[in-house]
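I opened my notebook to look up a few things in this model. Here is what I wrote down, entry by entry.

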Amino acid sequence: MNSILIIDDQKLIGSSLKVALEKEGFDVRVAETGAEGIVAVGKNNIDLVLLDIRLPDINGIEVLKKIKEMDPEIIVIMMTGYGTIENAVLAMKIGAFDYVNKPFKTKTITTILKLALETQKLKKEVGSFRDKNRMIYGTDKIIGESSAIHEILEMVRKISQIDSSTVLIQGESGTGKELVAKAIHYNSARSNGPFVEINCSAIPYTLLESELFGYEQGAFTDAKRTKRGLMEQANGGTLFLDEIGDMELSMQAKILNVLQEKKFRRLGGVKLIDTDARIITATNHNLRDDVNRKKFRQDLFYRLNVLHIYLPPLRDRREDIVPLSSHFIHEFNLTFKKTVRGVSQDALDLLMKYSWPGNVRELRNTIERIMIIDNPEVIQSRHLPLEVIGEYSPLSKTLPKDSLVAFNIADQGVDFKTVTESVQTWLIREALDKTKGSKIKAAKLLNLDRFALRYLMNKLHIT
Ligand SMILES: Nc1ncnc2c1ncn2[C@@H]1O[C@H](COP(=O)(O)OP(=O)(O)OP(=O)(O)O)[C@@H](O)[C@H]1O
Ligand SMILES: [Mg+2]
């Protein structure tokens, strides 16, 4: 139940309002002087105050200031009489939600009151959503102990403080580019604004153009109504252009233009629209190479490259593997309500040696899969996927390229499952190689039904 305080020296108004508002289901208190009202705000958990501007002791404006000092969240609605309208305007500037002129109908008051409470509720929800994002995407969520990660964190902090410059994040797939982009946004002064993202490689040119810039009604056949593009939606916040290396040259020219002018036009529009969105870009290409090969505009590259973060592949910062593994185990313990304690030494050795072509995402997925499927108390090497075990197992190197081998079982025995799965993996990879990736042809070569092949590929994590 919302609780309301009426501060008014006219007993009749106070008591009749109290009755009306109690009927609406509010918890109502009345104070007859400013001093009494301030005491009541301090003592009770008040959501909203109806405050008369003219009070016998303290001026209503002063009371408003006091209340806002005590708790800026409390909604204050001023009640004004004849000749106090200028004060009402002043009150709004100080932070009153609204004002009503006396005399008023109780209906007017209850409507304003409900609107005010609803607005405050929404504000609180949005606020907590943002706090949550700030927690989820804060710099403390970027895990690692390598000097590379320390430098990256330092860069993220610095770049977050510089408000509007464009940022370029480069790194292989799965190295954490999106994570870093969000950390910059949620640590910057723009964190209250939107974080809008678009993957430039997944969208054909014409669609990308209308997504980014929006369009005017009638700009093309399907443009039934005017639509704001992402560039506008990101105003006051950040626009994250993912996979910018895949963007077509003509689109690159448009982006460069927006970066220089801070203005653009909707498709089919004449009006220049201002944008103040901060643009963060990411790519897994080596843009410098792309520039040399004339795939990426040099001028755009220089423009983007001013603030540049490079995320090295995981295999070049192996110190991060252990902390990342513990972090993900902790994360999935919470999500899946598991109690995995850690990773055994020999499994860790394998994790440390593996090349991680899919980088941090591959490590995260690996741990997630083990925790869901095997749910061990401690992750052992036998739980690891074949490519992690296989890359360094002598078997994968000794398998001949063109014939099957007969295996000798050594005195200490063999691990049947590992050996047979390695052979299966090897055969499937060979077949896929030979058929340039065609699963149908590979299945034929192996004399397998194609569903069986698909099943095996999933099981053996062959992509
Ligand atoms: N340093 C890190 N600490 C914690 N989690 C990380 C770290 N780096 C990456 N991750 C996690 O790994 C996954 C992949 O990261 P992200 O999506 O940011 O990569 P990306 O570089 O954008 O990949 P892609 O190029 O494929 O889009 C995410 O789940 C992310 O949270
Ligand atoms: Mg990404």
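Before the first entry, I set my terms: a cavity is a set of grid points where a 1.4 Å probe fits but cannot get out, and lining residues have an atom within 4 Å of a point. I also noted that this is a predicted model.

**Entry: the cavity**

How many cavities of 30 Å³ or more does the structure hold? I found one. For the largest cavity, I noted about 50 Å³ of space. Next I looked up its lining, which is made up of Val258, Leu259, Lys262, Thr275, Ala277 and Ile279. Sorted by class, that lining has four nonpolar residues, one polar and one charged. Lys262 is the charged one and Thr275 the polar one.

I turned to strand β1, residues 3–7, and strand β2, residues 27–31. They pair in the parallel sense, over five bridges. Between them, the chain runs from β1 through helix α1, residues 11–23, to β2, and I logged this β-α-β crossover as right-handed. I also checked one bridge: isoleucine 7 has alanine 31 in β2 as its partner.

**Entry: helix α20**

Which residues of helix α20 are buried? In this helix, residues 450–459, I listed Leu453, Leu456 and Met457. Seen down the axis of α20, these buried residues fall within an arc of 100°, so they line one face of the helix. I then looked at the face turned away from the buried side of α20, and there I found the exposed residues Tyr455 and Asn458.

Definitions and conventions. Residues are numbered from 1 along each chain as its sequence is written. Chains are lettered from A and ligands numbered from 1 in the order in which they are written. This is a predicted model: local features need pLDDT of at least 70, side-chain atom pairs count only at pLDDT 80 or more; totals for chains, interfaces and linings use all residues. Side-chain values use heavy atoms; hydrogens and water are left out. On a 1 Å grid over the protein atoms alone, a cavity is a set of points where a 1.4 Å probe fits but cannot get out, and a pocket is an open set with protein on both sides within 12 Å along at least five of seven lines; lining residues have an atom within 4 Å of a point. Grid points are joined across faces, edges and corners, and a volume is the space filled by probe spheres set on the points. Two strands pair if DSSP finds at least two bridges between them. Helices (H or I, at least four residues) and strands (E, at least two) are DSSP runs, numbered from the N terminus. A crossover is right-handed if, with the strands pointing away from the viewer, the path from the first strand over the helix to the second runs clockwise. Buried means under 20% relative accessible area, exposed over 50%, partly exposed in between (1.4 Å probe, protein chains only). The arc is that of the directions from the helix axis to the C-beta atoms.
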